[in-house]
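Have your viewer ready and set to show side chains.

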Amino acid sequence: MRWAAGAFVLLVSTSASAADLKYYGGRVISNVKVVEIAWNASVDAGYMTQLQAFYTTIVTSSFIDWLSEYDTTGLDGFTDFQPGSNQHIGRGSFVGNLVLVPANKSNVLDDTDIQAELVAQLGSGALPAPALDKDGNVDSLYMIDFPSGVTISLVGMQSCSSFGAYHGTVKYKGMSVPYGVHPYCGYSFQTATVVHSHELVEAITDTEVGLVETNTTNPSARPLAWVTIAATAWDSEEVADLCEGTSATVAGYTVQKIWSNYAQACVSEIPICDGVLVPPACRPCTAFDDENACPSACATSGPKAGECVTCTSKDSKACAGATPACDDATYTCVACAENADCKNASAPTCDTTTHTCRGCESNAECGDAGVCDLSTDPQKNQCVACDDATQCKLGETCIAHACVAQNDGGADAGDDESGGGAGCSCDIEGAPSRAPLAGLLLGALAIVIRKRRHC
């Protein structure tokens, strides 16, 4: 919850176990959107630019990918057994770098002063409104850095002596809005990124902690999200607290390691299993890793299930040009995987053995596209609407492999000496024979005599 001042000299906890981090039912951040804020113009602009580059890189890196193990989808609260927030944690984005003009000019601030200023700045439009995920949970995280000379207190503790940073939550228009507080303690930039990464991940995995943390007698319960088992919210620890004193390099930046229930260790990233690494040194990928942890796609079935592959039939973005489809058996790009992939009329059928398009060889290969033309004409081995009138609807006939309305042979059609008129038939002796029953009127049978036509 709080990055302790001097954390690099603390002993790393070795007692954490998979049973220690439980989900209490509160919100997490689905796709964090970082808003970096300078409390006032006295914060070093160069430092803020460095933080912008840090956040832009780290929220789209492998440092975030493995946090999906702290998804809340389908989970109930550990103590109340009620449904949780049902969220997936994925990669985020950097929104902007802003400088406040605070109404509170004091150099001695309490957390309640910071909350009041944050609400006022949101209300005035000086800060961007909280972005929401698809279910209305807040994705925005407001990270505030302070200049030298400003002292901040939190429940009687002082900045840079009792804590180096913390994250909290404030209610704004009914929403739980997370924020981070980073006083100036003279850290190097390398240490600063460790501190910021600590609060970043804890805000993502325990978004509403600020609603209960400052009540030191409050039991560990909703709206806490992922914390250790403890008698009170104040006594519980979050995913980064368990690993204070550790660090690693991710995408060129120094970050703090984070506790992983899955790996049973402090980690900065967990690589995708590749058939060589064995869990928990690696983790099986999921569909959420497509184009993130997996450069292309994740195989969710087949011999490489849980591994990154070139493509799948569900994610074939890597396939284009002459090989626009994906063969799920080999996870490779091919010319076709099904008939729908064959766009050339002269080769409408996908040969599932060679994964190439060829001409049809039977009606079955055409499916809903019609029938296969097996006659010797320009459309041979193509799927056509019909080969003869029996394949057309009632009242239609087949002409040039197309079903067209049948000529009824009526008087208005005129004489057809060519013998090509549709709807004319001949009797056994070749004489014209067409006298259909027109209808029954008042019990009398009326025979319609049609104009004689040659067949």
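The largest cavity holds about 50 Å³ of space; a cavity here is a set of points on a 1 Å grid over the protein atoms alone where a 1.4 Å probe fits but cannot get out. This is a predicted model, where local features need pLDDT of at least 70 and side-chain atom pairs count only at pLDDT 80 or more, while totals for chains, interfaces and linings use all residues. Residues are numbered from 1 along each chain as its sequence is written, and side-chain values use heavy atoms, with hydrogens and water left out.

Select the lining next (residues with an atom within 4 Å of a point): Asp111, Gln115, Leu154, Tyr166, His167, Gly168, Tyr179, Gly210, Glu213 and Thr214. Colour β9 to see the largest share of the lining, 3 residues.

Now select helix α1 (residues 45–58) and helix α4 (residues 189–205), whose axes are 11 Å apart at an angle of about 50°; axes are lines fitted to C-alpha atoms over the stretch in contact, and angles run from 0 to 180 degrees between N-to-C directions. That angle makes α1 oblique to α4, since angles under 35 degrees count as roughly parallel, over 145 as roughly antiparallel, 65 to 115 as roughly perpendicular and the rest as oblique.

Which residues of α1 meet α4? Show Tyr47, Gln50, Leu51, Phe54, Tyr55 and Ile58 in α1, then Phe189, Ala192, Thr193, His196, Ser197 and Leu200 in α4, with contact meaning heavy atoms within 4.5 Å.

Methods. Helices (H or I, at least four residues) and strands (E, at least two) are DSSP runs, numbered from the N terminus. On a 1 Å grid over the protein atoms alone, a cavity is a set of points where a 1.4 Å probe fits but cannot get out, and a pocket is an open set with protein on both sides within 12 Å along at least five of seven lines; lining residues have an atom within 4 Å of a point. Grid points are joined across faces, edges and corners, and a volume is the space filled by probe spheres set on the points.
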